[in-house]
Amino acid sequence: MLWLLLLVVFGALYLSHQSGYLAQTLPESHRKQKNAQDVLDERYARGELDTDEYESMKATLTHNQTH
């Protein structure tokens, strides 16, 4: 009887994982990996970078993406 309950529970977990339900319940920050531009924007917003540093790094990222 216990094995049947375990089978049902694991089956439900497997199906919910396959359907993406669990991924949809995670916060967005955990669902996608941040790209370099996102990290740069966040650092600028927190005041870790001044405008010159931000613009320089942004230009470097843009340049690297085109090559």
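**Exposure of Glu48**

Is Glu48 buried, partly exposed or exposed, and what is its relative accessible area? In this predicted model, Glu48 is partly exposed, with a relative accessible area of 42%.

**Salt bridges**

Side chains of opposite charge can pair when their charged atoms come close. Two salt bridges are counted here. Glu48 forms a salt bridge with Arg43, where the closest N and O atoms lie 3.0 Å apart. Glu48 also forms a salt bridge with Arg46, and for that pair the closest N and O atoms are 2.9 Å apart. Through these contacts, Arg43, Arg46 and Glu48 are linked in a network.

**Negative surface patch**

Asp50, Asp52, Glu53 and Glu55 form a negative surface patch. One of these residues, Glu55, belongs to helix 5, which spans residues 51-66. Glu55 is partly exposed, with a relative accessible area of 43%; a residue needs over 30% to be part of a patch, and must have no salt bridge.

**Confidence of the model**

The protein has a mean pLDDT of 80, and 70% of its residues reach 70 or more. Among its elements, helix 4 (residues 36-45) has the highest mean pLDDT, at 93. The lowest mean, 56, belongs to helix 3 (residues 28-31).

Technical notes. Residues are numbered from 1 along each chain as its sequence is written. Side-chain values use heavy atoms; hydrogens and water are left out. Patches are made of residues with over 30% relative accessible area and no salt bridge: like charges are joined within 9 Å, nonpolar side chains (Val, Leu, Ile, Met, Phe, Trp, Tyr) within 5 Å. Accessible areas come from the Shrake-Rupley method with a 1.4 Å probe; for residues, only the protein chains shown count as cover. A salt bridge is a side-chain nitrogen of Lys or Arg within 4 Å of a carboxyl oxygen of Asp or Glu. Lys and Arg count as positive and Asp and Glu as negative; His and the chain ends are not counted. The place of a charge is taken as NZ of Lys, CZ of Arg, CG of Asp or CD of Glu. Helices (H or I, at least four residues) and strands (E, at least two) are DSSP runs, numbered from the N terminus. Buried means under 20% relative accessible area, exposed over 50%, partly exposed in between (1.4 Å probe, protein chains only). pLDDT is the predictor's confidence in each residue, from 0 to 100.
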